[in-house]
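Please read the points beside the displayed model.

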Amino acid sequence: MTTDSDIELSGAFQAKDSNGRTLDVKAIRIFDEGYGIIDVYVDFKAQLDPGAYKDTVLTKQIVERLRSLGYKGPDFGHSDPGLQESRLIVLEAPEEFAAFAKSRGWKNLAEEFDE
């Protein structure tokens, strides 16, 4: 599920879940604009176990991948359970992520109303 409004933050890599299984991540991406809170979409090659978005071992490795690319800040939480899919984890980034996202081309639409 990628569109023209996506910004790819990372290409393919591997991560382990709390059961020690190696999972193939296809990409980490965000939408190119939003209002403050940024949802981070993590696409996987294969179907995930139900509730994988709550796997702290897996999500920590995703955040570590982003840190290796320049993100400096706290860990992420998971986004709305209704957004999770069989091959997709959606994480909610903390406010500190906005600076990294901007460096990758993200536009904060809320800034237009700050004036």
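1. Leu66 touches Leu9, Ile28, Val40, Tyr71, Phe76, Phe97 and Phe100, leaving aside residues up to four places away in sequence; contact means heavy atoms within 4.5 Å. Between the C-alpha atoms of Leu66 and Phe97, which lie 31 residues apart along the chain, the separation is 9.9 Å.

2. This is a predicted model, in which local features need pLDDT of at least 70 and side-chain atom pairs count only at pLDDT 80 or more, while totals for chains, interfaces and linings use all residues. Residues are numbered from 1 along each chain as its sequence is written, and side-chain values use heavy atoms, with hydrogens and water left out.

3. Leu66 belongs to helix H1, residues 56-68. Helices (H or I, at least four residues) and strands (E, at least two) are DSSP runs, numbered from the N terminus. Leu66 counts as buried because its relative accessibility is 0%; buried means under 20% relative accessible area, with a 1.4 Å probe and protein chains only.

4. Of the 115 residues in the protein chain, 40% are buried. The protein chain has 2 helices and 8 strands, in the sequence order β-β-β-β-β-α-β-β-α-β.

5. Among contacts in the protein chain with a separation of 6 or more, 57% come from residues 24 or more positions apart.

6. Along its principal axes, the C-alpha trace of the protein chain spans about 50 × 25 × 20 Å.

Technical notes:
Buried < 20%, exposed > 50% of the residue type's maximum accessible area, 1.4 Å probe, protein only.
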